[in-house]
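Trainee: I would like to learn how to read a helix and a ligand site in a model. Could we work through one together?

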Amino acid sequence: MQKSIFITGATSGFGKACAVMFAQLGRPIILVGRRIDRLKELQESLSSKAPIHIIGLDVRQKKSVESEISNLPEEFENVDILVNSAGLALGLKPSHETDLEDWETMIDTNIKGLVYCTRNILPKMVKRNMGHIINIGSIAGDYPYPGGNVYGATKAFVKQFSRNLRADLLGANIRVTNIEPGLAETEFSVVRFHGDAQKANKVYEQTDPLTAEDIAEIVFFVATLPPHINVNRLEVMPTCQTWGNFAIDRNGLSGL
Ligand code: NDP
Ligand code: 8X3
């Protein structure tokens, strides 16, 4: 049976670009996201290249994740690569002003959703003694910034979870990689600003950001390296982005 590829967040951005990229292998691909119309469109456009199975699924729904993964059609059940791309940031307000529900949504999606998908796919990988879990973390999981509060913390979780998976999986022949992108133009900022496209566009104004296709190329690269090579973490920024100075409050003038 052919080895399949399971991609979450396939309706947009990195996940969608990964679907297009991996379709060139001709292997069965499972595409996951909530917006089923987009999944259908993608299935139609890729089905001449690879068998595509779509699942309209909210990764926060533990029972549904479990049931969809345990009931994959035979052609797709041999999952060899899991790309955990479903995720989001909500808001950029400081911690004392932020919406607690936004925090919960990020925790439920970026942490719990990713964990549900991984936990349900992993046992069969272990049984088959092969597999590759590719998580989409973020530079926000490495470096703090104002307004990054819970979003960055969820990505720090993803980073450490990825490393701990590696520790658990010693001898199981399963690779785990955390990709940590910086500024990339996708629907990410529109989602972060709750649909305010003008505010989202400003984030990328006069920059040359990473694209979804750039990240898909990197995901594809780590996945197609010889099997004895495990890229643990890969941090990537656009050339136009670096770090800032440390912030220092002088005589209480910073404004809080
Ligand atoms: P997009 O908003 O373009 O894509 C996000 C994807 O996640 C969509 O397909 C969306 O599908 C899916 N998703 C969100 N919530 C859920 C859910 N509850 N259940 C299932 N699917 C869900 O953003 P990106 O492609 O940029 O983001 C992908 C990942 O990359 C995220 O984890 C993000 O944190 C991370 N990242 C993004 C960066 C950037 O600057 N763009 C930089 C670093 C990391 P749908 O809404 O249809 O369910
Ligand atoms: C997305 C990158 O810098 O907006 O994870 O947090 S950033």
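Trainee: Which elements are included in what covers the buried residues of α2?

Mentor: Bear in mind that this is a predicted model. The cover over the buried residues of α2 includes helix α1 (13–23) together with the strands β2 (29–33) and β3 (52–56).

Trainee: Which residues of helix α2 are buried?

Mentor: In helix α2, which spans residues 36–46, the buried residues are L39, L42 and L46. They lie on the same side of α2, because the arc they cover around the axis is only 65 degrees. The general idea is that an α-helix has 3.6 residues a turn, so residues three or four places apart point the same way.

Trainee: Which residues are exposed on the other side of α2?

Mentor: On that other side of α2, the exposed residues are D37, E41 and E44.

Trainee: Turning to the ligand site, which residues surround ligand 2?

Mentor: One begins with the shell and then asks about polar contacts, for which the cut-off is a pair of N or O atoms within 3.5 Å. Here ligand 2 is surrounded by S138, A140, Y145, Y151, F188 and R192, a shell that divides into four nonpolar residues, one polar and one charged.

Trainee: What distances separate oxygen atoms of ligand 2 from N or O atoms in the side chains of S138, Y151 and R192?

Mentor: For the side chain of S138 the distance is 2.5 Å, for that of Y151 it is 2.6 Å, and for that of R192 it is 3.4 Å. Of the 240 Å² that ligand 2 exposes when taken alone, the protein buries 82%.

Notes: Residues numbered from 1 in each chain as written. Chains lettered and ligands numbered in written order. Predicted model: local features only at pLDDT ≥ 70, side-chain atom pairs only at ≥ 80, totals over all residues. Heavy atoms only, no water. Near = heavy atom within 4 Å. Polar contact = N/O pair within 3.5 Å; in protein donor to acceptor, adjacent residues only side chain to side chain. Areas by Shrake-Rupley, 256 points an atom, 1.4 Å probe, with all protein chains shown as cover. Nonpolar A, V, L, I, M, F, W, Y, C, P; charged D, E, K, R; others polar. Buried < 20%, exposed > 50% of the residue type's maximum accessible area, 1.4 Å probe, protein only. Helix = DSSP H or I, 4+ residues; strand = E, 2+ residues; numbered from the N terminus. Arc of directions from axis to C-beta. Contact = heavy atoms within 4.5 Å.
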